[in-house]
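Please prepare a briefing on the fold, the core and a few selected residues of the protein shown here.

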Amino acid sequence: MCWSARADLVVGGAVTAVGVLCLVRTHRAGRPERLPLAALPLVLGVHQLIEAAVWLGADGDLPAGPATWARTAWAVIALPLLPLLVPVGVRRAALDAGRARRRLLTALVLLGILVAVPLAHAVATHPVAATAHAHTLDYRIGVPHPALLLAGYLLATVGALLLSGDRVLRRLGVLTAGAALLCALLWRLAYISTWCALAALASALLLHWTSAPERQRREGD
């Protein structure tokens, strides 16, 4: 996964290819409301490819300027983008869900915005540092109230998937929640890096989501 530049290239390339296929299938199905969520594997695949450049910078194999840009680009995707993209994508895809479920998803979109704003400010105003620790990367950004923002981040992203009303998306939510717990237990210093890598692998489930018939995926509201 994110254990080296080469591993990131392999995982990132594979997940990026899955993401392109998700978008192609969604476009051919004529369901534009699903495009934001179908783009998630592509975003996470590119994210892993960017982290390969971060590894090169941490190892001294990339000049300082490109290494800085790579760390910043990685942080932009990991921090402010994902807590917006996931709940917005789920809410957009849930046009056929019941009113109560749509209201809950709208609340998670608002939570994602509340989380993304201070995270975006932190990335814009603090240099992003990345240090290798036992074959993982530990990112330091200077995020205020990290525990509170992390709780809101996970609630907005994982919570939206669990409340989506779609069996495949709910399964993805369970997997990403499990990945978050595993990373917290095993890779505390490199939590966000390892979680993003496992989430990228789990997002391959969206390839099934873009192809499974609607009636087989929906749950009752």
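Helices (H or I, at least four residues) and strands (E, at least two) are taken here as DSSP runs and are numbered from the N terminus. This is a predicted model, in which local features need pLDDT of at least 70 and side-chain atom pairs count only at pLDDT 80 or more, while totals for chains, interfaces and linings use all residues. Residues are numbered from 1 along each chain as its sequence is written, and side-chain values use heavy atoms, with hydrogens and water left out.

**Overall fold**

- The protein chain holds 10 helices and two strands, and their order along the sequence is α-α-α-α-α-β-β-α-α-α-α-α.
- With a radius of gyration of 17 Å, close to the 17 Å that the globule rule gives for 221 residues, the protein chain is as compact as a globular protein of that length; the radius is taken over C-alpha atoms, and the rule is 2.2 Å times the number of residues to the power 0.38.
- The C-alpha trace of the protein chain spans about 50 × 35 × 30 Å along its principal axes.
- Among contacts in the protein chain with a separation of 6 or more, 72% are between residues 24 or more positions apart, where contact means heavy atoms within 4.5 Å.

**Surface and charge**

- The 20 positive and 11 negative charges of the protein chain have mean positions 9 Å apart; Lys and Arg count as positive and Asp and Glu as negative, with His and the chain ends not counted, and each charge is placed at NZ of Lys, CZ of Arg, CG of Asp or CD of Glu.

**Burial and the nonpolar core**

- Of the 221 residues in the protein chain, 47% are buried, a class defined as under 20% relative accessible area, with exposed meaning over 50% and partly exposed in between (1.4 Å probe, protein chains only).
- The largest nonpolar core has 57 residues, of which Leu40, Trp74, Leu206 and Trp209 touch the most other members; such a core is a set of buried Ala, Val, Leu, Ile, Met, Phe, Trp, Tyr and Cys residues joined through side-chain atoms within 4.5 Å.
- Helix H4 (residues 64–93) gives the most to this core, contributing 11 residues.
- Apart from its neighbours within four places in sequence, Leu206 is in contact with Cys22, Leu37, Leu40, Pro41, Leu169 and Leu172.

**Selected residues**

- Leu172 lies in helix H7 (residues 167–186) and is buried, with a relative accessible area of 2%.
- Not counting residues up to four places away in sequence, Leu172 touches Leu161, Ala202, Ser203, Leu205 and Leu206; its C-alpha atom and that of Leu161, 11 residues apart along the chain, are separated by 6.9 Å.
- Thr210, in the loop between helix H9 (205–209) and helix H10 (214–217), is buried with a relative accessible area of 8%, and, residues up to four places away in sequence not being counted, Thr210 touches Cys22, Arg25, Thr26 and Ala38.
- Leu137 belongs to strand E2 and is buried, with a relative accessible area of 0%, and the C-alpha atoms of Leu137 and Thr194, 57 residues apart along the chain, are separated by 8.1 Å.
- His145 sits in the loop between strand E2 (136–140) and helix H6 (146–162) and counts as exposed at 60% relative accessibility.
- The phi of His145 is near 45 degrees, a positive value in a residue other than glycine. Most residues other than glycine have a negative phi.
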